[in-house]
Each structure stands twice: as C-alpha cells, then as structure tokens.
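Please find below my comments on the structure under review.

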Amino acid sequence: MSESGVADGRTSPIQWAHAHVVERHLRSLGALIRRKPPLTEESITVVDQPMLKRAIAAAALGNTMEWFDFGVYGYLAATLGKVFYPDASSSAQLLATFATFAAAFIVRPLGGFFFGPLGDRVGRQKVLAVTMIMMAAGTFAVGLIPSYASIGIWAPILLLAARMVQGFSTGGEYGGATTFIAEYSPDRRRGFLGSWLDFGTFIGYSLGSFLVTVLNAWLGDDTMTSWGWRIPFFIAGPMGLIGLYLRLRLEDTPAFRKQLDEHDAQVKRAESASREIGAIFVRFWRPLLVCIGLVILYNVTNYMITAYLPTYFTDVVGRSQLSSDLLVLLSMLVVVALIVMLGRLTDYIGRRPVFAFGAVLQIIVAVPCFVLFGMDTLWAPIVACVVFGAILACFAAPTASTLPALFPTTVRYGALSIGFNIAVSAFGGTTPLVASALVSATGNHLVPGFYLIASGLVGLVAVVFLRESARQPLTGSPPQVDSPAEAARTYAAARKSAAAVSA
C-alpha cells in the first residue's frame with residue numbers, strides 16, 4: 001500500500017477495498033468541514049454505550065419474534081394445510097397454506113405506508129412499541145383458532161385475519177428496527193452492529209424451526225395435527241412482552257432527537273412535505289429503486305430457503321419430514337455462524353463487495369444446488385444447504401446498515417418501510433407460492449433455481465447504483481462515534497482532509 005493510503009498493485013483485493021473505504025471516509029469528513037455551517041467537534045455525536053446495547057437487543061428481539069413465527073409457519077405448512085383445508089388434495093392444501101402466508105404480505109405495504117411516515121413524525125421508539133404489541137397479538141391469536149372440523153370455513157378466515165394483523169404490523173417493524181439501529185450506531189461499526197438485527201432474524205427462525213422439528217419427532221403427525229401445532233404460536237406471547245418491555249425502556253435515536261432539538265421549526269416544515277408519500281416517490285425515487293433491488297436480492301433467497309425448502313424437500317424430493325427440517329435448519333445455522341463476522345467485514349471493505357460476491361455466487365450455483373437437492377445421497381443436499389446459507393449471509397449481513405443510509409433522517413423510516421415492504425410483498429413473501437406453483441405447472445424441479453438467478457441479476461443491477469456507505473455518516477446527520485476521544489480524532493482528521501483539498 002502506498003504512503004498516501006491508496007492501494008497499489010501489490011495489495012490484496014481486501015486491502016485495496018479497505019483503502020478506498022478509508023479514503024472515501026476522509027473525503028466525506030473534509031466535505032463536512034467545508035459545508036455551511038461547518039462541522040465542529042461539539043456537533044459530533046458520542047453514542048451512549050449502555051443505550052446502544054439496549055437498542056440493539058430490543059430491535060433484534062422484535063426480529064427474533066417475527067421470524068420465530070415465519071420458521072414455525074414454514075415448517076408447519078403441511079400440518080396447517082390438514083387443519084384448515086382438510087377437504088383439499090395435499091398439493092392444494094400446500095398452495096392454500098402458502099397463499100395465506102402470502103396474503104399477509106399484501107397488507108405489509110399498507111403497514112409500511114402507515115407506520116413509516118408516523119415514525120418520522122412522532123419518533124421511532126413509540127412506533128416500534130406498537131408494532132411489537134400487534135405482532136405478538138397476531139401470532140398468539142393463530143394458536144387460538146379452532147380447526148376447520150370445529151367451525152368450518154370460519155377457521156381459514158380467522159387464520160387469514162390473524163395473518164393480516166401480523167403483516168400490517170410487520171410493515172412497520174423491519175424498516176423501523178433497521179432505522180433505529182443505524183441511527184444509534186457509531187459510523188465505523190454500523191455494519192457490525194446492524195448485522196445483529198438479522199442475527200436475531202435467523203436465531204428466531206432457527207428456534208421456531210427447531211421447536212417444530214422436536215415437536216414433530218416427539219408428538220407424531222396425528223397429535224401435531226390435533227393440537228401440537230398450537231404450541232409454537234402460544235410461545236410468541238411471552239416473547240412479545242419481553243420485547244415490549246425492552247423497547248419501552250429506550251430513548252429515541254440520537255439522529256431523530258438532534259434534528260428536533262437543533263432545527264425544530266425548519267425540520268417540521270420540511271417533514272410536513274417529506275411525510276407525503278408522493279414526495280418520497282418523487283424526490284427519492286433513485287435510492288428507492290436501489291432499496292427495492294437489494295431487498296429483492298435478499299428476500300427471494302431468504303424466503304426460498306426459509307419458507308419453501310422445507311416443503312420442497314418433503315413434497316417434491318420425497319425426503320422425510322425430520323431430514324428436511326434438519327437440512328433447512330443447517331442453512332440457518334450457517335447464516336448465524338457467518339452473519340456477524342461478515343457484518344464486521346463490511347465495515348472494513350464496504351457493503352458493495354459483499355452484496356456483489358453473494359449475488360454472483362447465487363447466479364452461478366443456484367441451479368446446481370437444486371440438482372444436489374434432488375440427489376439420493378446424504379452429502380449432496382448438505383453441501384447445497386451450506387452454500388445457500390453462506391450466500392444468504394452475504395445478503396443479510398450488510399442489509400440493516402445499507403438500507404437506512406440511502407435516505408435522509410427526515411424520511412428515513414417512511415421511505416425505507418415503503419421500499420422494503422413493496423419489494424418483500426411483491427417478490428419475497430410470494431416466493432414459496434410462486435415456486436410451488438411453477439414446479440406444479442412445469443414439472444421441472446429446477447425452476448426455483450432459475451428464479452434465484454433472476455433475483456441475483458436484479459440485485460447486481462442495484463449494487464451497481466449503490467453508493468458505498470461504510471464508515472460514512474448517515475445522510476443528514478453528523479458523524480457518530482464511540483467516545484469523546486474518538487470525536488476529537490474524527491474532527492482532527494476532518495480538518496486535515498479539508499486542508500489537503502484546499503492546498
């Protein structure tokens with residue numbers, strides 16, 4: 001590496017990427033010194049470390065509960081089909097169950113449109129407390145619904161209603177949680193700290209899928225269909241109360257408080273226009289499209305593995321329920337093992353290289369992995385599940401730190417919730433339904449792999465237009481650091497960078 005800090009021809013690709021992240025960071029600091037009003041040492045935000053830890057725990061627990069439900073629902077798809085659609089054929093039962101799963105995603109954009117702008121107006125913490133209550137209530141209610149044998153058509157109707165409540169609340173959950181963690185995190189550690197949010201996601205899914213696997217093995221099919229399927233949904237109630245307690249103990253984010261404290265009248269005038277949903281689409285359509293592209297990349301893969309593969313293994317490949325559950329759980333454990341490490345790596349080399357590596361790898365191996373899934377051996381599906389877990393970790397690790405950086409503070413919660421939920425609803429949540437329907441219609445067991453290739457190509461286009469945000473202050477916010485000493489070093493680096501440009 002040269003003395004200027006720019007990588008030369010003898011450096012590794014990782015060193016080269018890190019050098020450019022550092023160089024871009026220094027340029028951005030210099031630009032803050034030259035702006036009006038200029039950056040001062042006092043304006044740099046020093047993060048409250050105990051509050052930061054509570055914020056990460058509270059946000060991650062919400063995701064844990066949400067994905068505990070998804071893991072349970074995906075693993076219980078065949079059982080729920082028997083409970084709520086007993087008169088249909090097995091394939092029709094699965095389609096009906098996945099259609100109910102997808103129906104929740106129809107209302108997710110509505111939740112995003114409602115909770116996102118509300119979070120920009122009244123604060124992130126208040127809205128996240130409300131979404132936690134609704135999520136816990138909706139999940140708990142599923143366990144209370146009588147079977148089709150007891151109340152007939154009202155059973156699937158009530159299931160659909162509970163899923164709608166879950167979907168509406170989830171529309172404000174992920175956008176708010178990512179905004180909350182991003183606005184609390186120091187700039188140089190945002191990738192690492194943000195990855196804990198999706199670490200909670202896959203812990204929740206793993207816990208839900210593990211619980212269903214144990215219950216299936218312990219209780220058997222008949223007991224699970226009779227009453228055992230209710231147990232996982234009842235567990236969500238206490239989890240929601242714990243998450244609510246943690247969220248009520250939090251203050252709102254430094255970025256949100258700072259904009260209210262320092263520029264109250266001006267910000268309120270700006271927010272009144274920015275909160276208009278139409279203004280978000282008009283003023284921020286470019287980052288909105290990048291957001292949608294990245295979410296498609298992440299969530300098509302995510303829902304293909306978490307919601308569709310358990311059923312693909314049992315109904316298409318013909319594996320036993322236990323082996324199918326364990327294979328998908330293996331993918332989730334790979335994500336859990338890698339995600340925080342990759343999150344830290346994104347702070348070092350940037351978010352774009354990690355996204356791009358995962359997208360290219362998915363395009364190359366998606367179809368071969370589905371070939372491995374169909375082989376009548378033990379090692380082939382294990383290898384494919386490990387590979388898919390590594391790819392998914394490449395998308396999950398940088399997402400929570402990348403998406404909030406696309407938008408300024410005044411519209412961050414709203415714009416992120418809208419973009420995220422449009423993409424998840426149209427492409428992510430419908431993935432198991434579309435994949436199942438395509439396999440049934442074509443008879444081609446490799447079709448899901450081609451669907452993953454398409455999402456990988458969409459994601460690569462989004463990465464091309466993505467602005468690197470590693471170590472950068474969030475748009476509209478001053479730098480955030482861990483300590484007063486780091487604030488002094490950051491200000492000195494900003495002055496030195498500005499002086500070098502002036503010279």
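1. In this predicted model, a polar atom of the serine 324 side chain lies 2.8 Å from the backbone oxygen of serine 320. Serine 324 belongs to helix H15 (residues 321-349). With a relative accessible area of 0%, serine 324 is buried, because buried means under 20%.

2. Which residues does serine 324 contact, leaving aside its neighbours within four places in sequence? They are Pro310, Phe313, Thr314 and Arg319. Of these, Phe313 also belongs to a cluster linked by ring pairs, together with Tyr308, Tyr312, Phe370, Phe373 and Phe388.

3. A search of the whole structure gives 19 aromatic pairs. In one of them, phenylalanine 114 and phenylalanine 115 have ring centres 5.0 Å apart and planes at 80°, so the pair is edge-to-face; the cut-off for that class is over 60 degrees. Phenylalanine 114 is partly exposed, with a relative accessible area of 45%, whereas phenylalanine 115 is buried, at 2%.

4. Tyrosine 312 and phenylalanine 370 also form an edge-to-face pair, with 5.2 Å from centre to centre and 85° between the planes. Tyrosine 312 lies in helix H14 (residues 285-317) and phenylalanine 370 in helix H16 (residues 351-373), so this pair ties together parts that are 58 residues apart in sequence. Both tyrosine 312 and phenylalanine 370 are buried.

5. A charge over a ring should be noted as well: arginine 344 lies over the face of phenylalanine 192, at 4.2 Å from the ring centre.

Conventions:
Residues are numbered from 1 along each chain as its sequence is written. This is a predicted model: local features need pLDDT of at least 70, side-chain atom pairs count only at pLDDT 80 or more; totals for chains, interfaces and linings use all residues. Side-chain values use heavy atoms; hydrogens and water are left out. Rings of Phe, Tyr and Trp (its six-membered ring) pair if their centres lie within 6.5 Å; planes under 30 degrees apart count as stacked, over 60 as edge-to-face and the rest as tilted. Buried means under 20% relative accessible area, exposed over 50%, partly exposed in between (1.4 Å probe, protein chains only). Helices (H or I, at least four residues) and strands (E, at least two) are DSSP runs, numbered from the N terminus. A charge sits over a ring if NZ of Lys or CZ of Arg is within 6 Å of the ring centre and within 35 degrees of the ring normal. A polar contact is a pair of N or O atoms within 3.5 Å; within protein, one must be able to donate a hydrogen and the other to accept it, and residues adjacent in sequence count only if both atoms are side-chain atoms. Contact means heavy atoms within 4.5 Å.
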